[in-house]
Amino acid sequence: MKMVLTVLGWLLLLQGAGGLLNTLLGWWRWSHDLLLVNLLPFLEGYEVFAAIVIGVLGFVLLAVADSGRNAESGG
């Protein structure tokens, strides 16, 4: 389960950072169809906020996965 949380956390963190960079700076025009923020039509107009939320969610998943590892090791 921890591996799943870690992988999902990294994917969401990368999606959030990529979406934020793409929206703010216009980089990676070829990646428009790869970013979650651009694929969901109800997020149109809220791309920056959505990318930040997705990135923070990824960071939270990574923190939860890491806290589970620390609890198992006893410290």
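## Conventions and model

A polar contact is a pair of N or O atoms within 3.5 Å; within protein, one atom must be able to donate a hydrogen and the other to accept it, and residues adjacent in sequence count only if both atoms are side-chain atoms. The structure is a predicted model, in which local features need pLDDT of at least 70 and side-chain atom pairs count only at pLDDT 80 or more, while totals for chains, interfaces and linings use all residues. Residues are numbered from 1 along each chain as its sequence is written, and side-chain values use heavy atoms, with hydrogens and water left out.

## Confidence and secondary structure

The average pLDDT (the predictor's confidence in each residue, from 0 to 100) of the protein chain is 86, and 89% of the residues score at least 70. Confidence is highest in helix H1, at a mean of 91, and lowest in helix H2 (residues 36–39), at 86.

The protein chain has three helices and zero strands. From the N terminus on, the order of elements is α-α-α.

Of the 75 residues in the protein chain, 27% are buried. Buried means under 20% relative accessible area, exposed means over 50%, and partly exposed lies in between (1.4 Å probe, protein chains only).

In soluble globular proteins, nonpolar side chains tend to be buried together.

## Individual positions

Threonine 6, in helix H1, counts as buried at 14% relative accessibility. Its side chain reaches the backbone oxygen of lysine 2 at 2.8 Å.

Glycine 58 belongs to helix H3 and is buried, with 0% relative accessibility. The C-alpha atoms of glycine 58 and tryptophan 10 are 6.1 Å apart, although 48 residues separate the two along the chain. Asparagine 38, in helix H2, is partly exposed at 23% relative accessibility. Between the C-alpha atoms of asparagine 38 and alanine 50, 12 residues apart along the chain, the separation is 9.9 Å.

## Nonpolar surface patch

A nonpolar patch on the surface is formed by Leu21, Leu24, Leu25, Trp27, Val48, Ile52, Val56, Val60 and Val64, which together have about 760 Å² of accessible area. Helix H1 (2–25) and helix H3 (47–73) are the elements that give two or more residues to the patch; H3 gives the most, with five residues. Valine 56 is located in helix H3 and is partly exposed, with a relative accessible area of 49%.

Patches are made of residues with over 30% relative accessible area and no salt bridge, with like charges joined within 9 Å and nonpolar side chains (Val, Leu, Ile, Met, Phe, Trp, Tyr) within 5 Å. A salt bridge is a side-chain nitrogen of Lys or Arg within 4 Å of a carboxyl oxygen of Asp or Glu. Accessible areas come from the Shrake-Rupley method with a 1.4 Å probe; for residues, only the protein chains shown count as cover.

How values were computed: Helix = DSSP H or I, 4+ residues; strand = E, 2+ residues; numbered from the N terminus.
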